[in-house]
Amino acid sequence: MPREKGRKVVASNRKARHDYAILDTFEAGLKLTGTEVKSLRLGRASLVDAFAQERDGELYLHAMHIPEYTQGTWTNHEPRRTRKLLLNRLEINRLTHKLAESGLTLVPLSIYFKDGWAKVELGLARGKRDYDKRQDLAKRDANREINRELGRRSKGIG
């Protein structure tokens, strides 16, 4: 059976980009069980409230929800178990050093399959204040209005 090619997004965390200022992104593998992979291939996962944390020199993903596989038996997995992130030692050391700074956290931005392997995109993030969120919304609305007006002018309307 030929291996899948390309990137297939399973779930994305849109709220993370709203609540956090993403400073840098990283790609990590996930240590999963068989029923977790099958459930992910069906497109069933949630990254709401998920976060990554360092423990004993390793990085772990907490609170990511992968529902039980419906055709699974007693071998099914626990939906919100802690999952190990697969990174190079150099990347782990760099991330743990940056996480030692106050106010920084690792937030999963999306989970996807890349060439058949389950991957998670992590963002090194700093929390936004309420006024930052309002500024971003206002800026996005202003850009939308500008693009709408430019589109009208290019079509000769108005």
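**Ground rules**

I am working with a predicted model, where local features need pLDDT of at least 70, side-chain atom pairs count only at pLDDT 80 or more, and totals for chains, interfaces and linings use all residues. Residues are numbered from 1 along each chain as its sequence is written, and side-chain values use heavy atoms, with hydrogens and water left out.

**Entry: Thr35**

I looked up Thr35 and found it in helix α2, residues 34-41. Helices here are DSSP runs of H or I with at least four residues, strands are runs of E with at least two, and both are numbered from the N terminus. Is Thr35 buried or exposed? Thr35 counts as buried because its relative accessibility is 10%. For this term, buried means under 20% relative accessible area, exposed means over 50%, and partly exposed is in between, with a 1.4 Å probe and protein chains only.

I then listed contacts, meaning heavy atoms within 4.5 Å. Leaving out residues up to four places away in sequence, Thr35 touches Tyr69, Thr75, Asn76 and His77. I also checked Thr35 against Leu109: they are 74 residues apart in sequence, and their C-alpha atoms are 22 Å apart in space.

**Entry: Ala52**

Ala52 lies in strand β3, which covers residues 51-55. Its relative accessibility is 6%, so Ala52 counts as buried. Which residues does Ala52 touch, not counting those up to four places away in sequence? I noted Tyr60, Leu61, Leu85, Leu106 and Leu122. From Ala52 to His97 there are 45 residues along the chain, and the C-alpha atoms are separated by 14 Å.

**Entry: Ser110**

Ser110 is in strand β6. Beyond residues up to four places away in sequence, Ser110 touches Arg7, Ala11, Ser12, Leu47, Lys119, Val120 and Glu121. Arg14 is 96 residues from Ser110 along the chain, with 8.6 Å between the C-alpha atoms.

**Entry: loop residues**

I looked at Gly72 in the loop between β4 and β5. Gly72 is partly exposed, since its relative accessible area is 23%.

Ala63 is placed in the loop between β4 (58-62) and β5 (83-86). I noted a positive phi of about 65° for Ala63, although it is not a glycine. With a relative accessible area of 22%, Ala63 is partly exposed.

Asp115 lies in the loop between β6 and β7 (117-127). Asp115 is not a glycine, yet has a positive phi of about 55°. Asp115 counts as partly exposed, at 31% relative accessibility.

**Entry: the second largest pocket**

How large is the volume of the second largest pocket? I have it at about 220 Å³. Its lining consists of Asn13, Lys15, Ala16, Asp19, Tyr20, Val48, Asp49, Ala50, Phe51, Thr105, Leu106 and Val107. The elements that give two or more residues to this lining are α1 (14-19) and β6 (104-114).

A pocket is an open set of points on a 1 Å grid over the protein atoms alone, where a 1.4 Å probe fits, with protein on both sides within 12 Å along at least five of seven lines; lining residues have an atom within 4 Å of a point. Grid points are joined across faces, edges and corners, and the volume is the space filled by probe spheres set on the points.

**Entry: charges over rings**

A charge sits over a ring if NZ of Lys or CZ of Arg is within 6 Å of the ring centre and within 35 degrees of the ring normal. I found the charged end of Arg41 over the ring of Phe113, 4.3 Å from its centre. Arg55 lies over the face of Tyr60, also noted at 4.3 Å from the ring centre.
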